[in-house]
Amino acid sequence: MSNSEHLLDIRQIMQMLPHRYPFLLVDRVLEFEPGVRLKAYKNVSMNEAFFQGHFPGLPVMPGVLILEALAQAGGVFVMSTVREALEDKVFLFTGLNKVKFRKPVVPGDRLMLNVTYERHKMNIWRMQGVAEVDGHVVAQGEFSAAVANKGDM
């Protein structure tokens, strides 16, 4: 299967994730292997709301938002892999392990989001996430998330 068969644009991503501006942090999916991995990106713009206060005169993307972008990419991975009726489901972040931040992310960067499947049991999924800019790792870690019913929240 070629990667072009699995490209997702922002409209398709918005059908899978409940997030909206200013909190939708995945712009496009470039590569997807069901049950194996996903590669997506977030274009980081000076217009991001968080740059107003983080930090004035020295804009740096908050590390927790880099992790959130990886988690959202993980959500797209799971929703694309499961392929069952998920309209009434939501993907919830449940844990982080071995997180490391390597370099700052600044306006103008393209934040590449690489998610690799590790395992899942019932509705809990565990993935490895690596965020890169220009081929350099900026953050990485293991994360877990659950697919839950929206009505149970």
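Predicted model: local features only at pLDDT ≥ 70, side-chain atom pairs only at ≥ 80, totals over all residues.
## A buried serine

Ser80 has a relative accessibility of 10%, so this residue counts as buried, the cut-off for that label being under 20%.

Ser80 belongs to helix H2, which covers residues 63–82. Neighbours within four places in sequence aside, the residues in contact with Ser80 are Leu8, Met16 and Phe32.

Helix H2 has 20 residues, and 17 of them are buried, so H2 is largely enclosed by the rest of the structure. Ser80, at 10% relative accessibility, also counts as buried.

## A partly exposed leucine

Leu92 lies in strand E3, which runs over residues 89–101. Its relative accessible area is 30%, so Leu92 is classed as partly exposed. That value falls between the two cut-offs, since buried means under 20% and exposed means over 50%.

Which residues are in contact with Leu92, leaving aside its neighbours within four places in sequence? They are Ser144, Ala145, Ala146, Ala148 and Met153. Ala148 is 56 residues away from Leu92 in sequence, but the C-alpha atoms of the two are 7.1 Å apart in space.

## The chain as a whole

The protein chain has two helices and six strands. Along the sequence they come in the order α-β-β-α-β-β-β-β. The radius of gyration is 15 Å, close to the 15 Å that the globule rule gives for 153 residues, so the chain is as compact as a globular protein of that length. Along its principal axes, the C-alpha trace spans about 45 × 35 × 30 Å.

Contacts between residues at least 6 apart in sequence can be sorted by separation: 61% of them join residues at least 24 apart. The contact between Leu92 and Ala148 links residues that are 56 apart in sequence.

## Surface and charge

Of the 153 residues in the protein chain, 42% count as buried. The accessible surface comes to about 8,300 Å², and carbon and sulfur atoms account for 54% of that area.

The chain carries 17 positive and 16 negative charges. How far apart are the mean positions of these two sets of charges? The distance between them is 4 Å.

Key:
Residues numbered from 1 in each chain as written. Heavy atoms only, no water. Helix = DSSP H or I, 4+ residues; strand = E, 2+ residues; numbered from the N terminus. Rg over C-alpha atoms; globule rule 2.2 N^0.38 Å. Buried < 20%, exposed > 50% of the residue type's maximum accessible area, 1.4 Å probe, protein only. Contact = heavy atoms within 4.5 Å. Areas by Shrake-Rupley, 256 points an atom, 1.4 Å probe, with all protein chains shown as cover. Lys, Arg positive; Asp, Glu negative; His and termini not counted. Charge placed at Lys NZ, Arg CZ, Asp CG, Glu CD.
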